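Here is a friendly walk through one model, from a chain-to-chain contact down to single side chains. Keep the structure open as you read.

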Amino acid sequence: MEYIILIITAIFVNNIVLAQFLGICPFLGVSKKVDTAGWMGMAVLFVMLIATLVTYPIYYGILVPYNLQFMQTIVYILVIAALVQTVEIILKKSMPALYSALGVFLPLITTNCTILGVAINVINFEYNLAQSTVYATATALGFTLAMVLFAGIREQTAITKTPKGMEGTPIALLTAGLLAMAFMGFSGVDKGLSAALGL
Amino acid sequence: MSKLGIIINGIVKENPTFVLLLGMCPTLGTTSSALNGMSMGLATMAVLICANFVISCVKNLIPDKVHIPCYIVIIAGFVTIVQLLIKAYAPAVDEKLGLFIPLIVVNCIVLGRAESFAAKNGPLDSACDGIGIGIGFTLALTLLGLCRELLGAGTAFNMPVYPEQFGALTFVLAPGAFITLAYLSALFNKFIKK
Amino acid sequence: MAKLENSLKNMVLSLTAITVIVGALLGYVASVTDEPIAQAAAAKQQNAIAAVVPVEGAQAGEAQKVVTANGEEAVIFPVTKDGQLVGHAVQAVSKNGFGGKITVMFGFDPEGTILGYNVLDCGGETPGLGAKMPDWFQKGAKGDVIGKNPKTNNLTVSKDEGEVDAITAATISSRAFCDAIAQAFGVLPVVEAAAEAQTSATKQAAGTSESVNEVAGE
């Protein structure tokens, strides 16, 4: 039950893009078409899950015992960068079909702050490994949902007439604002649900 | 280009927020008030100046193929230093900015300037570029924070301007970040960019 | 100076050297800032204690860690003046905040009357709504809880038939605040006998469905 609430919170209530403002660059940059946005989301899901599962034992197994918590940022970013490279090579060799779909997005993901953000968050929130896994998956799904919804709207706004000054970024940001407002409707859902389930 | 020219270039012509559209996450995430936006801008500026200077000094010692990981390590080092200093001497700021301080590492502005400026110019010019871009970023964040605070809570830099009940809370919350930035960049397009 | 060439030796060397130098530098900065960071945290706690038990010249005694009814850790500081007990400061956590946990320091006099409170962490609460918590329940403010005693006053929000005016449009945050009061009060050593009654009262309050007839304070 606890996990259901965790999932709903991460996808809807505390959506990583629309409520926490992480991953805005890919959100604005790779959201002109629905299927590109979807594949980007899948790539993030893939990397985020692996990154969280790899950094978690590093933090509790190496950094904490040796009192090196201050190295967290450096170690994490290096691990994530190395991981993305490795994933790219493995995919290229063994799963060319998947590579052709996700490949172009992988280099972008190193500097996608959602990955580092989630890896740091599971430490800050004191999640255990199972909770971290669920949290990372749900957050990535929330990212994908926001991407796909946003891309869907942008496909429409691209063919409508926009005032000159608002063309490009301003109208995209405005759309994102309305989407964020819609997502605010979910706030409190997690509390209501946990009350209803008697937690 | 003179040193002053480099600084002004960073503030106006290559303004990281309104022109280059980089570093959107902290821009939206930390600007619920003018002071928060300003602290975030100053923290980023400190990292920008140090990282630009050091990277420019050591750029020839780094083989091309590993330059990105090396730059990232240097940047992450300065970010952690800034984070530790803020935690020690300004704990209130640390509470407000939270996760966004370590995330300066993946702020595309910092790596972007290292790649496009520090890797090609001398240490002093690079430091000036850091100052200019840093000021541009700080100004943009402060302005955005000021607008949101003023419209949402009726205060400017925590000083009451009009009664709070008349404020539209949305501007302090998530949607307000997107909407305010949308209109500010539209205005920037109209009057300054051309 | 010419750029170093891309030989494997150079690449490994430069990356390792940079990481080691940066790591050493960080280790140094971390060792220097270690103490100020601990001091800042301690100062924050001491200031909070002084603020919630406003007795001049009073001294906080040794911290005692206990587990509250909701399974979270609370810290009790006995506050004394000239060897006389003047109250307790209790740092308690409620898990029911709008965006996660909230941590509040409460000051109680020896009878259990609330002397003051200081919100240490309500970072997950919505700005402009739940985040008004640090001011809303202070003396003279709308949701004033100062001078009330959880033993005799029903300190739950008015929607739950209590006597605390909830923060406008932030009932969940206000409930969490009242929960934190109950948690803190529950572990007060001087009212341990009353604690049992309090826990059952909280359970009762939590069990009541939202009463529509109750008009909020606004």
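How many residues of chain B are in contact with chain A, and how many of chain A with chain B? In this predicted model, 35 residues of chain B touch 33 residues of chain A.

**The side of chain B that meets chain A**

Together the two chains bury about 2900 Å², and carbon and sulfur atoms give 86% of that area. Three residues stand out on the chain B side: B:Leu99, B:Val106 and B:Phe178 supply 22% of the area that chain B buries against chain A, more than any other three residues. Helix 8 of chain B gives the most, with 11 residues.

**Aromatic rings**

Over all chains, the count of aromatic pairs is 17. Two of them are set out here.

| Pair | Centre to centre | Angle between planes | Type |
|---|---|---|---|
| A:Phe125 and A:Tyr135 | 5.9 Å | 80 degrees | edge-to-face |
| B:Phe18 and B:Phe188 | 4.9 Å | 25 degrees | stacked |

A:Phe125 sits in the loop between helix 7 (113-124) and helix 8 (129-158) of chain A, while A:Tyr135 belongs to helix 8 of chain A, so their pair ties together parts that are 10 residues apart in sequence. A:Phe125 is partly exposed, with 41% relative accessibility, whereas A:Tyr135 is buried at 6%.

In chain B, B:Phe18 comes from the loop between helix 1 (3-11) and helix 2 (24-29), and B:Phe188 from helix 8 (residues 174-193), so this pair links parts that are 170 residues apart in sequence. Both B:Phe18 and B:Phe188 are buried.

Chain C has an aromatic cluster too, formed by C:Phe106, C:Phe108, C:Tyr117, C:Phe137, C:Phe177 and C:Phe185. Back in chain B, the charged end of B:Lys190 sits over the ring of B:Phe191, 5.8 Å from the ring centre.

**A serine in helix 3**

Is B:Ser56 buried or exposed? B:Ser56, part of helix 3 (residues 34-58) of chain B, counts as buried because its relative accessibility is 3%, under the 20% cut-off. The side chain of B:Ser56 reaches the backbone oxygen of B:Asn121 at 2.7 Å. Beyond neighbours within four places in sequence, B:Ser56 is in contact with B:Ala118, B:Asn121, B:Gly122, B:Pro123 and B:Ser126.

Methods. Residues numbered from 1 in each chain as written. Chains lettered and ligands numbered in written order. Predicted model: local features only at pLDDT ≥ 70, side-chain atom pairs only at ≥ 80, totals over all residues. Heavy atoms only, no water. Helix = DSSP H or I, 4+ residues; strand = E, 2+ residues; numbered from the N terminus. Buried < 20%, exposed > 50% of the residue type's maximum accessible area, 1.4 Å probe, protein only. Polar contact = N/O pair within 3.5 Å; in protein donor to acceptor, adjacent residues only side chain to side chain. Contact = heavy atoms within 4.5 Å. Phe/Tyr/Trp six-rings, centres within 6.5 Å; stacked < 30°, edge-to-face > 60°. Lys NZ or Arg CZ within 6 Å of the ring centre and 35° of its normal. Buried area = accessible area lost by both parts, 1.4 Å probe.
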